[in-house]
Amino acid sequence: MILLVVSRNLKRVTVENKSFPLLTLVPTPIGNIGDTSLRTLEVLSEADTLLCEDTRVTKKLLHILQERYSLTCKQNQEFISLHSHNEQAFIDKLEPSFFEQNIVYVSDAGMPGVSDPGALLVQYAQEHSIDYDVLPGANAVLTAYVASGFDEAKMLFYGFLDHKGSSRKAQLQEALYNGYTTVLYESPHRLEKLLKELAEEVPQRNIFLAKELTKKYQRYLRGDAKTLLQELAGNYRGEWVVVLQATQKQNSSAISEKDILSLDLPKKVQAKLISKITGENTKEVYQRLL
């Protein structure tokens with residue numbers, strides 16, 4: 001028999017002399033089930049209610065963990081859908097008393113709060129003095145960043161770019177010229193579009209692609225955009241992380257290097273203008289243009 005004691009003062013749940021936060025955000029494997037941590041197994045086994053980005057995915061995960069690692073969960077665990085489309089509405093109706101049980105939030109794959117719901121739950125817990133914890137674990141951003149081999153010490157994560165329009169163009173410019181190694185997520189049906197944009201905008205920039213991280217068909221590719229397009233040869237299926245090698249930071253400007261190159265100007269003039277917005281040495285830019 002399991003003894004469940006809730007302390008309203010400490011706002012922690014105690015199960016058989018084990019103390020758990022009342023809210024735990026749990027990362028799940030991004031592909032390889034073997035990346036599940038022992039702490040994850042322990043927290044999932046003692047959850048009273050699981051908030052899930054997709055309840056079907058979470059139930060399938062628990063079933064696999066039960067078969068492979070003999071995970072034993074509480075009886076009558078409740079599964080509640082909590083995704084990007086209903087997260088705010090769920091928070092608005094939430095009462096602190098909801099956390100007088102062991103609550104676990106599970107995203108479909110990876111770290112909650114990183115291109116997934118979770119941040120609003122943490123904010124709610126902070127505002128209402130609810131004890132919470134975040135387990136470390138699988139994350140596609142850091143995995144791809146380390147695998148890229150780009151040795152700049154600073155990294156920015158942009159998530160998904162807008163699909164189209166001026167906002168996409170502005171975001172891409174910011175991603176390319178912020179001065180940091182930059183990590184993007186991209187869907188398979190838009191990867192070709194992104195690579196073509198990169199081939200036109202920064203034809204010599206080093207790019208690293210990570211496909212299906214930790215899964216059976218994991219693949220790493222590195223090179224300029226044109227080379228990557230040739231290597232992929234139209235095969236864009238799978239989940240992708242794109243890592244852009246850092247370059248010198250471009251000064252804030254409505255004009256891009258691509259805009260300057262489209263002007264009918266001598267190469268030396270183009271080089272001077274580009275150096276103004278990128279901060280690069282004029283001679284180096286001129287040699288690159290040649």
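Predicted model: local features only at pLDDT ≥ 70, side-chain atom pairs only at ≥ 80, totals over all residues.

**Entry 1: a pair of strands.** I started with strand β9, residues 155–160, and found that β9 pairs with β10 in the parallel sense, over five bridges. Which residue of β10 does Gly159 stand opposite? I looked it up, and Gly159 faces Leu184.

**Entry 2: how the chain gets across.** Next I looked at β9 and β10 together with helix α6, which covers residues 165–176. The three make a β-α-β unit, and I noted its hand as right-handed.

**Entry 3: the other partner.** β10 is also joined to β13, again by five bridges, but here the strands run antiparallel. I checked a pair of residues here too: Glu186 stands opposite Trp240 in β13.

**Entry 4: buried or exposed?** I wanted to know how many of the six residues of β10 are buried. The count came out as six of six, so I wrote the strand down as mostly covered, with buried meaning under 20% relative accessible area. Then I sorted them by side. In a regular strand the side chains alternate between the two faces of the sheet. On one side of β10 I listed Thr181, Val183 and Tyr185, and on the other Thr182, Leu184 and Glu186; both faces are covered.

**Entry 5: the largest pocket.** I moved on to the largest pocket and got a volume of about 910 Å³. It is lined by 36 residues, and the closest to its centre are Ile30, Asp108, Ala109, Gly110 and Glu239. My strands show up again: β10 (181–186) and β13 (240–244) each supply at least two lining residues, and so does α2 (55–69). Which of these elements gives the most? That's α2, with five residues. I also sorted the lining by type and got 18 nonpolar, eight polar and ten charged residues.

**Entry 6: a look at Gln88.** Last stop was Gln88, which lies in helix α3, residues 87–93.

Key
Residues numbered from 1 in each chain as written. Heavy atoms only, no water. 1 Å grid on protein atoms, 1.4 Å probe; cavity = no way out; pocket = protein on both sides within 12 Å on 5 of 7 lines; lining within 4 Å. Points joined across faces, edges and corners; volume = space filled by probe spheres on them. Helix = DSSP H or I, 4+ residues; strand = E, 2+ residues; numbered from the N terminus. Nonpolar A, V, L, I, M, F, W, Y, C, P; charged D, E, K, R; others polar. Buried < 20%, exposed > 50% of the residue type's maximum accessible area, 1.4 Å probe, protein only. Pairing = 2+ DSSP bridges. Right-handed = clockwise from strand over helix to strand, strands pointing away.
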